[in-house]
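Look at the sequence and the fold together before reading on. The text below begins with a single side chain and then works through the rest of the chain.

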Amino acid sequence: MSEVARRQKVRFVSESAIYGLLLVSALLVITGNRSDTSWAVLLKVAGTVVVFWIAHVFAHVVGQLSDADDGPVAFKKVLQHAVNRSSGLLIAAIIPLAIVLLGALNILNDDTAVWLALIVDTGLLAAFGYLAFAHWTPLMPLRLAGAAATALLGIIIILMKAFIH
């Protein structure tokens with residue numbers, strides 16, 4: 001795998017991307033009740049994701065600076081690394097928020113948009129699990145088990161939404 005391809009994979013299949021999908025799913029459960037419009041859901045989820053991303057970058061910078069020796073140069077490197085490493089959290093939110101936007105634009109019913117975003121999140125989790133395990137093992141049963149285990153988190157969140165609302 002080339003260095004560029006490896007960096008792109010890290011951005012898309014990373015702990016921050018998986019965390020981003022789980023965060024968005026949980027926020028959709030919390031904010032996507034029948035009284036909230038898709039616009040309200042979109043703004044609340046997007047705003048919260050940005051706040052969590054900033055917190056993630058900040059925590060990484062503060063944690064890494066304690067090990068750095070070269071002052072302002074270190075800060076710039078650490079900040080750039082933190083932004084790159086955490087970008088998956090923002091990228092992961094794009095597809096589900098685009099689906100919620102379809103509800104906000106009245107292309108989909110508000111409730112349908114939230115449910116569809118949750119289902120797509122689960123599919124993305126499965127895909128991320130599969131890709132991560134594919135990098136680790138050539139065995140298809142293990143790859144599928146990884147996809148299923150990762151998607152299970154999304155399914156649990158969907159079940160929470162069904163029982164909460």
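Is F52 buried, partly exposed or exposed? At a relative accessibility of 34%, F52 counts as partly exposed. The scale behind that word runs from buried (under 20% relative accessible area) through partly exposed to exposed (over 50%), with a 1.4 Å probe and protein chains only.

Some ground rules come first. The model is predicted, so local features need pLDDT of at least 70 and side-chain atom pairs count only at pLDDT 80 or more, while totals for chains, interfaces and linings use all residues. Residues are numbered from 1 along each chain as its sequence is written, and side-chain values use heavy atoms, with hydrogens and water left out.

The chain has six helices and zero strands. Helices here are DSSP runs of H or I with at least four residues, strands are runs of E with at least two, and both are numbered from the N terminus. Of the 165 residues in the chain, 36% are buried. Contact means heavy atoms within 4.5 Å. Among contacts between residues at least 6 apart in sequence, 69% join residues at least 24 apart.

Next, the interior. A nonpolar core is a set of buried Ala, Val, Leu, Ile, Met, Phe, Trp, Tyr and Cys residues joined through side-chain atoms within 4.5 Å. The largest such core holds 24 residues, and the members that touch the most others are V24, L28, V41, V45, V49, V100 and L118. Two or more residues of this core come from each of α2 (15-31), α3 (38-65), α4 (71-104), α5 (110-136) and α6 (140-164). Apart from it lies another core, made of seven residues, including V13, A17, A92 and L125.

Leaving aside neighbours within four places in sequence, L118 is in contact with S25, L28, V29, I157, I158 and K161. L118 is also one of the buried residues of α5, a list that includes A113, V114, A117, D121, T122 and L125. Helix α5 has 27 residues and reaches 39 Å from its first C-alpha to its last, close to the 39 Å expected at 1.5 Å a residue; the expected span is 1.5 Å times one less than the number of residues.

Both ends of α5 have details to look at. At its start, a side-chain oxygen of N109 reaches to within 2.6 Å of the backbone nitrogen of D111. That is a polar contact, a pair of N or O atoms within 3.5 Å; within protein, one must be able to donate a hydrogen and the other to accept it, and residues adjacent in sequence count only if both atoms are side-chain atoms. Beyond the helix, T137 lies in the loop between α5 and α6. T137 is buried, with a relative accessible area of 7%. A polar atom of its side chain lies 3.1 Å from the backbone nitrogen of L139. Not counting residues up to four places away in sequence, T137 touches L142 and R143.

How many salt bridges does a search of the whole structure find? It finds two, a salt bridge being a side-chain nitrogen of Lys or Arg within 4 Å of a carboxyl oxygen of Asp or Glu. In one, the side chains of E15 and R85 meet at 2.7 Å, N to O. E15 lies in helix α2 and R85 in helix α4, so this pair ties together parts that are 70 residues apart in sequence. E15 is partly exposed at 45%, and R85 is partly exposed at 39%. The side chains of K44 and D36 also meet in a salt bridge, at 3.1 Å, N to O. Here K44 is partly exposed at 40%, whereas D36 is buried at 17%.

The aromatic rings bring back F52. Rings of Phe, Tyr and Trp (its six-membered ring) pair if their centres lie within 6.5 Å; planes under 30 degrees apart count as stacked, over 60 as edge-to-face and the rest as tilted. The count by this rule is two aromatic pairs. Y19 and F52 form a tilted pair, 6.4 Å centre to centre with 40° between the planes. Y19 lies in helix α2 and F52 in helix α3, so the pair ties together parts that are 33 residues apart in sequence. Y19 is partly exposed, with a relative accessible area of 36%.

F133 and W136 form an edge-to-face pair, 5.5 Å centre to centre with 85° between the planes. Being three residues apart in helix α5, F133 and W136 are separated by about one helical turn. F133 is partly exposed at 29%, while W136 is exposed at 61%.
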